[in-house]
Amino acid sequence: MADGASRRFFAPEASLGASSPKGPVLTDARRGQVSVAIQLLREDPRDEAALGDGAFQTRNIAVAEAAEELEKLVSRNKVAASHAVDNGAIEALVLALKQRPNSEAVQWKASSALWQLLAAGQPDLVAAGKAGAVEVVVSALRAHPNSELVQEHAAGALGALVESGHQENQTLARKAGGVEAIILALEHHKDSDTLQRNVAFALGGLVAGNPDAQTHARRAKGIETLARTVERYMECELVEEQALEALACLFAGNPENQKLACDVGLIETLVTLLKKQRTSKRVVFKALVALNHLLAGCEVARRRAGEAGSLGTALMILKAFAKSDDVLEQTCEAFVNLVRDCEENQDLAHNLGIAQSILSIVLSRQAPVASLHAKALAALGVLMAGHVESQAACGEVGAVEVLFAGLKRQAGADGDTSVAQEAMVALAHFARGHVGNQALARRAGVIETLISVLRQNSECVSLQQKASSALSVFVVDCPDNTKVAVASGGLEEVLTALRQAMSTRDQADSQGAPAPPAPAPRRRSLSPTRAAAAAAASASASEVGADVAGERRPLREKEEYQEQARQSGLIQAIVAALPQPPNPMWRPAKGCNGVDLTTSQGRLLDVLAELVEGSFESQELAANAGGIEAVLAAMRANVQSEEIQEQGVRALQSMLWEHAASQRRAKASDAAEALRLAQEANPDSEALRCAAQNALEALHSGEKFSALVAETSFGKRHSSYVPIADTAMRGISLEQILELQEFMQDTLRKYDLVDERPDGTKQSVRWEDLTMYQVRDHFIKVLTQQHKCSFVELVSTTKQPPMWMVSHWWGTPFPLTVRMLQLQARSRHLQTAGLVSYWCDAFANNQWSVEEFDEADVLRFPFARAMLGQSCMGTVLLCDPEVTALLRTWCVFEAHVTQQLRCGALADRCDKKRYFLDILAPVITLKDPKEEVKDNVTITMLQDAIGGGWDEGSG
């Protein structure tokens with residue numbers, strides 16, 4: 001039976017008096033009187049038929065009087081009642097009821113005596129049921145429907161037999177027709193308050209905790225009949241109490257009964273009753289219990305209750321019964337049931353200030369009763385759930401202190417942690433999506449306390465789940481909170497919380513389908529060298545399968561996990577928790593109750609490695625947060641710790657692999673020396689040696705890029721070439737330029753390519769500063785080295801006559817060059833911009849040979865032949881912001897040839913009717929230090945117009 005529907009046993013009126021001050025006694029005389037009464041009850045009626053009706057009636061009267069005498073003897077005397085039970089009184093009464101069914105006096109007096117014995121003698125109810133007590137009482141109800149006395153006392157006896165949902169007796173009563181008989185009595189005897197009370201008491205016992213009996217009662221019109229009883233007896237507390245208990249038992253966990261109750265108007269009836277009975281504590285309590293069982297899980301009931309004014313009524317009860325814990329507890333539960341998943345009621349509750357009332361009336365007490373404390377916290381949490389205004393209002397009135405106090409409340413002697421659990425749920429609702437409340441909770445020490453609770457209560461699964469769920473609310477999408485949690489030693493707890501958040505999200509995405517939580521990050525052995533890894537990859541299928549299974553997390557799940565970590569700021573938090581250079585001091589963190597929450601540096605490094613492994617975005621975050629420097633500081637401060645050296649090397653490897661920015665930072669911090677020292681300090685660790693070699697390989701991978709280029713996707717796509725004899729026919733399309741740009745961007749993100757300066761120093765090649773000289777040295781020549789051909793011959797399948805000739809200075813940043821070509825192509829060719837081909841010397845000329853420049857006539861050079869060719873429409877002059885191109889001899893000469901073609905001066909060389917000159921240049925806008933401007937460069941263009949003059953454009 002549900003807690004709220006627990007039933008109060010009551011006895012016949014005769015047993016309600018007080019016992020003797022000296023305690024109940026059983027004299028010999030009374031013992032003898034009990035025995036005589038029992039003997040009379042056992043009189044066999046089979047020989048009475050021959051005596052005539054008068055004698056028969058006399059015997060019935062004697063048996064009835066014996067039952068009445070027995071009731072008096074055991075009334076208010078538990079010793080006498082127990083003695084009677086032990087000597088077969090119940091069996092004797094059952095026999096009398098069975099043998100004399102037509103005698104009203106026997107039926108009601110024997111039923112009353114049976115009720116008295118059941119109430120005072122504490123008999124075995126199972127034995128009583130097996131003795132036939134249930135059947136004979138039900139039979140009495142059915143045989144004498146018009147007798148109030150029989151109905152009243154038989155109902156009381158039946159209620160005692162099925163008290164507290166006694167299932168065996170419930171089943172016996174249902175099979176005997178007890179449910180129908182009780183409901184019929186309730187309906188036929190409307191004016192007897194005592195009978196109504198007893199019958200309602202019996203009906204509650206018949207259906208309590210029994211779904212079959214609940215259904216049986218509904219079909220017998222029990223809900224409608226009880227509803228009428230509640231309406232009729234609103235001024236009679238004794239009847240109302242039992243009727244409300246019966247209703248609570250009928251509603252508990254039964255959606256169909258709840259729906260029917262709504263249909264017959266019971267919601268409105270209960271609200272009306274609560275308004276009328278505000279001074280009667282017991283009726284209010286029972287009405288709230290019934291209302292809660294009716295509302296639980298029933299959306300229709302919740303909506304109708306809101307419309308009936310139940311929230312305002314409950315608020316008045318909260319204030320009127322501020323000192324009654326049991327009423328307050330049920331009122332708080334009513335708030336939970338009314339508001340959960342109902343936006344209209346939640347808005348109304350906010351307007352009524354219910355959350356503030358709960359805080360001031362209940363939660364402001366000094367250590368309220370645990371059950372009340374838990375219910376009040378649950379109500380507060382539901383009132384705030386997803387409701388920004390309520391969250392803000394609670395934050396303003398100091399709810400965080402109350403919630404924090406609930407979080408710290410220790411379990412009682414019974415191990416009950418419900419207060420702390422509800423505080424965690426309420427804290428999650430308080431903080432979810434509300435930055436201000438998250439900050440309040442963080443300053444109050446909630447995060448550290450959650451971590452301590454998780455550490456101290458590992459055996460309590462439900463507490464762990466709620467604490468982890470609450471922690472996930474604080475750390476997901478809130479880097480400041482994550483930093484506090486990790487700094488407090490809560491790394492493992494944060495990881496668990498993030499996995500729980502992922503699991504919850506996955507279940508929501510799959511519409512409730514169960515999703516296994518992501519496995520915990522584990523400390524893994526260091527990676528072998530790439531050669532060893534390649535050998536392992538060629539092993540048997542079973543070994544490969546085992547290796548893949550050992551990764552534990554599928555690729556997609558791992559990517560989601562890393563993304564979750566990035567959003568929560570976990571990577572930055574881990575870096576901040578590591579010893580920072582130049583003072584690598586490690587300070588243990590303390591949680592509440594002095595619990596040491598220090599996370600080992602080795603574990604921090606281990607998790608950092610996992611979070612960045614294979615994720616460029618995560619590597620970027622780690623690098624920008626100073627991860628490289630922090631890892632190196634930890635390694636240098638703990639040279640003799642094999643664990644920290646191993647995990648540090650692994651973290652370095654994960655951050656350096658295919659991430660140029662990290663490689664540059666590592667070189668600046670002399671990571672190679674730290675890796676050398678790690679190997680020297682741990683010469684017997686093969687795992688560390690292999691990992692250090694991998695890290696060094698990643699560190700210097702840019703210097704060996706030429707050996708790796710053939711294995712890239714670009715290198716594989718363009719592994720062969722098509723000779724194009726005429727250099728003037730080696731135009732390159734804008735699509736091919738963009739493909740190269742994407743490849744170079746990806747390469748420069750992954751590898752720290754280095755230029756050697758004339759003075760012997762080295763400088764990293766960066767995308768934003770990449771020049772055509774560097775494009776030639778690091779990409780064109782590397783890609784064409786095998787075939788010693790031009791770049792166009794490598795990427796084309798046939799000759800590509802140029803549509804435009806590019807005149808430019810090689811020192812112009814290549815990203816600007818591409819943007820200028822894109823604008824020119826879009827402006828001139830609209831939808832076919834990607835197919836526009838350009839003659840560009842760096843791509844068209846063979847960078848491995850100068851034979852094509854041996855011509856004596858400069859107009860026979862490849863660039864001039866391209867300009868004179870029929871396919872070429874004009875020249876595109878690309879400038880840098882300083883217009884350096886016009887300071888370069890070749891560019892000036894190309895401009896001269898262009899002008900000759902525009903004015904027809906080279907008609908003897910070609911018969912072009914029109915030749916255009918488009919001029920493009922980037923314009924840099926000075927940044928305002930207060931504004932964050934991602935792109936301060938605008939490409940401008942002067943376009944040679946067909947009718948003369950120039951058209952201006954920008955993009």
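Reply: Two strands pair if DSSP finds at least two bridges between them. Helices (H or I, at least four residues) and strands (E, at least two) are DSSP runs, numbered from the N terminus. The model is predicted: local features need pLDDT of at least 70, side-chain atom pairs count only at pLDDT 80 or more, and totals for chains, interfaces and linings use all residues. Residues are numbered from 1 along each chain as its sequence is written, and side-chain values use heavy atoms, with hydrogens and water left out.

Me: What makes β6 and β7 parallel paired strands?

Reply: Strand β6 (residues 874-878) and strand β7 (residues 916-924) run parallel and are joined by five bridges. Pairing requires at least two bridges, so β6 and β7, with five, are paired.

Me: Why are β1 and β9 said to stand at the edges?

Reply: Seven strands form an open sheet of mixed pairing, in the order β1-β5-β4-β6-β7-β8-β9. β1 (732-733) and β9 (950-954) each have a single partner strand, so one side of each is left without a neighbour in the sheet.

Me: Which helix lies across β4, β6, β7, β8 and β9?

Reply: Helix α51 (residues 889-902) lies across these strands and runs at about 145° to β4 (804-808). Such angles run from 0 to 180 degrees between N-to-C directions, with axes fitted to C-alpha atoms, for helices over the stretch in contact.

Me: Why does Thr 313 count as buried?

Reply: Buried means under 20% relative accessible area, exposed over 50%, and partly exposed in between (1.4 Å probe, protein chains only). Thr 313 has 1% relative accessibility, and therefore counts as buried. Thr 313 belongs to helix α19 (residues 310-320). Leaving aside neighbours within four places in sequence, Thr 313 is in contact (heavy atoms within 4.5 Å) with Val 271, Leu 274 and Lys 275. Across the protein, buried residues make up 53% of the 955 residues.

Me: What makes a set of residues a nonpolar core?

Reply: A nonpolar core is a set of buried Ala, Val, Leu, Ile, Met, Phe, Trp, Tyr and Cys residues joined through side-chain atoms within 4.5 Å. The largest has 212 residues, of which Leu 70, Leu 117 and Leu 570 touch the most other members. Helix α23 (residues 370-384) gives the most to this core, with ten residues. Apart from it lies another core, of 51 residues, among them Leu 783, Cys 789, Val 836 and Val 876.

Me: Why is the pair of Phe 705 and Phe 779 called edge-to-face?

Reply: Rings of Phe, Tyr and Trp (its six-membered ring) pair if their centres lie within 6.5 Å; planes under 30 degrees apart count as stacked, over 60 as edge-to-face and the rest as tilted. A search of the whole structure finds 13 aromatic pairs. In this one the centres are 6.1 Å apart and the planes are at 65°, so the pair is edge-to-face. Phe 705 lies in helix α43 (residues 705-708) and Phe 779 in helix α46 (residues 772-784), so the pair ties together parts that are 74 residues apart in sequence.

Me: How do you know that Phe 705 and Phe 779 are buried?

Reply: Phe 705 is buried, with a relative accessible area of 3%, and Phe 779 is buried, with 0%.
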